[in-house]
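Hi everyone, thanks for making time today. Let me put the structure up on the screen, and then we can walk through it together.

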Amino acid sequence: MQLRVKDNQSQQRQHENRHAHADQTQRPRDEVDRLVVPHGRDDAASIASVVANDDGTVTFTLTAANPAFLAYLANDHFSIVDSEAVIAEGGSADGEDTAESFLNSTSVGSGPYVLEAWDPQVETVLVANENYWGEAPYFSRVVIQNIPEAAAQKAALESGEIDLALDLTSDQISTMEGNADLAIFRGAGNIVHFILMNDNEEQCGPSADPLVQQAVRLSLDYDGYTALWGGITPASPMAYGLFTAYGPDHAVVRDIDAAKALLAEAGYADGLDITLEYPTFTFQGVNMDTNAQKIQSDLAEAGINVTLSPSDLQVALESYRTGQECFGYWFWGPDVLDPIDTLAFAPGGKVATERALWTEEAAGEAYVELVAQARVETDPAERTVIFQQLQDWLQSNSPWAAFIQPGVQTVYRADLTGYVWHPQWLVDIALLGHAE
């Protein structure tokens with residue numbers, strides 16, 4: 001995904017917008033709008049009531065302890081919108097929301113930009129919100145283009161056609177160093193790449209065997225992935241950088257001999273044949289075809305013979321989301337910047353239950369109890385202990401093999417100012433400007 005910024009913002013309009021407000025009507029202080037959460041998420045399920053106080057604050061009362069609630073509120077799906085307009089179009093927090101098509105084409109928010117046009121897989125066009133309550137953004141118009149090929153992104157950036165490229169590969173970026181017209185940002189990312197091993201033995205056979213699962217983890221060349229993409233070897237699907245996530249010193253260490261021994265114990269001393277499904281996709285500069293080929297090579301050293309089965313992203317997603325994949329390669333990043341989001345990979349969580357068919361019964365009572373504690377514990381020190389125990393479990397007793405958390409590498413025109421990588425929405429376009 002790339003950002004092309006058209007600078008046709010007049011200084012007079014910028015000055016005027018500093019004094020504009022999104023909501024031109026005044027509502028009674030005691031009126032509390034219904035909370036509308038788009039995209040069908042259930043993060044509002046624990047909210048019992050919301051009260052607007054006379055001092056300008058808001059009081060939320062929860063039905064139960066939710067240690068991640070503040071992180072939820074800071075997430076983009078809790079953005080403030082015109083609730084009356086959304087509800088009139090079918091918006092709801094009760095699971096029956098029908099406002100998606102309306103929201104895909106209309107802006108009802110309170111941010112610095114509004115939607116002018118959205119052509120899926122092509123581009124999104126934003127224009128400055130004339131009624132924005134805060135300081136007007138520098139640019140009056142922003143075009144976010146979808147350029148699938150990284151080589152095309154690179155050419156567009158170097159020619160000045162676009163201002164910011166988010167999906168260049170490491171080898172491409174290395175050729176751009178020293179170019180005075182470009183600036184390069186490098187930093188820690190929060191996207192974890194992993195192998196899914198479906199835990200349903202009847203459906204998938206060997207991928208559900210804990211011995212095979214551990215053999216796969218021990219076969220991966222972790223140092224090789226960090227050499228390719230930068231970043232770290234994760235200890236589990238939990239992204240390093242979340243406050244309870246421990247670092248690469250706890251990660252799995254490659255041991256081919258141990259992997260072979262586990263395969264022999266599982267009954268595959270003469271080798272195991274398996275098919276790896278994955279989407280043909282590049283995200284934040286990481287090419288999944290490249291990683292899939294390396295996975296194939298790594299596992300071959302232990303006697304696991306991998307047949308690669310790439311497919312279009314939407315086709316692969318359908319198989320993944322419906323739990324049909326037995327052995328798949330995917331990546332994941334937290335939707336909410338709190339370790340509780342990683343419980344999606346624990347039994348009872350969406351990814352574990354629906355994608356890997358890993359059940360609470362299969363995990364065992366002790367693990368299920370630990371997950372239950374993680375959902376409600378609010379003391380930071382206790383949370384750290386619990387989530388580190390969960391990570392220990394995930395890296396040795398689960399259907400996941402997390403192998404790389406790549407670094408972030410972004411290139412932009414040197415005269416573009418205000419760029420800051422953000423782990424939740426990647427880039428805040430309202431901060432961007434041009435050097436005068």
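What volume does the second largest pocket have? About 170 Å³. Before going on, a word on where these values come from: this is a predicted model, where local features need pLDDT of at least 70 and side-chain atom pairs count only at pLDDT 80 or more, while totals for chains, interfaces and linings use all residues. Residues are numbered from 1 along each chain as its sequence is written, and side-chain values use heavy atoms, with hydrogens and water left out.

Back to that pocket. By pocket I mean, on a 1 Å grid over the protein atoms alone, an open set of points with protein on both sides within 12 Å along at least five of seven lines; a cavity is a set of points where a 1.4 Å probe fits but cannot get out, and lining residues have an atom within 4 Å of a point. Grid points are joined across faces, edges and corners, and a volume is the space filled by probe spheres set on the points.

The second largest pocket is lined by 14 residues, and the closest to its centre are Pro210, Gln213, Trp358, Asn397 and Ser398. Helix H8 (210-219) and helix H14 (360-363) each supply at least two lining residues, with H8 giving the most, four residues. Helices here are DSSP runs of H or I with at least four residues, strands are runs of E with at least two, and both are numbered from the N terminus.

Rolling a probe the size of a water molecule over the atoms shows where empty space is left. How many cavities of 30 Å³ or more does the structure hold? Three. The largest has about 60 Å³ of space, and its lining includes Arg217, Tyr222, Leu394, Gln395 and Trp400. Strand E15 gives the most to this lining, three residues. Here the division is eight nonpolar, two polar and one charged.

Gln395 sits in the loop between H16 and E15, and it counts as buried because its relative accessibility is 15%. Buried means under 20% relative accessible area, exposed over 50%, and partly exposed in between, with a 1.4 Å probe and protein chains only. Leaving aside residues up to four places away in sequence, Gln395 touches Gln214, Arg217, Ala235, Tyr246, His250, Ala251 and Val252; contact means heavy atoms within 4.5 Å.

Trp400, with that sequence exclusion applied, has contacts that include Phe194, Arg217, Pro237, Phe345, Trp358 and Leu394. Trp400 is also among the residues with the most contacts inside the largest nonpolar core, which has 40 residues. A nonpolar core is a set of buried Ala, Val, Leu, Ile, Met, Phe, Trp, Tyr and Cys residues joined through side-chain atoms within 4.5 Å. Elements giving two or more residues to this core include strand E9 (192-197), helix H15 (365-376), helix H16 (380-394) and strand E15 (400-404). A second, separate core of 33 residues includes Val252, Ile304, Phe327 and Ile404.

Which residues of helix H10 (residues 256-265) are buried? They are Ile256, Ala259, Leu262 and Leu263. Seen down the axis of H10, they fall within an arc of 120 degrees, so they line one face of the helix; the arc is that of the directions from the helix axis to the C-beta atoms. Asp257 and Glu265 are exposed on the other side of H10. The buried residues pack against H8, strand E10 (272-279), helix H11 (288-300) and strand E13 (304-311).

Last, two backbone details. Gln284 is not a glycine, yet has a positive phi of about 50 degrees. Its place is the loop between strand E11 (282-283) and strand E12 (286-287), and at 11% relative accessibility Gln284 counts as buried. Leu426, also a residue other than glycine, has a positive phi near 70 degrees. Leu426 lies in strand E19 (residues 426-427) and, at 25% relative accessibility, counts as partly exposed.

Methods
Ala, Val, Leu, Ile, Met, Phe, Trp, Tyr, Cys and Pro count as nonpolar, Asp, Glu, Lys and Arg as charged, and the others, Gly among them, as polar.
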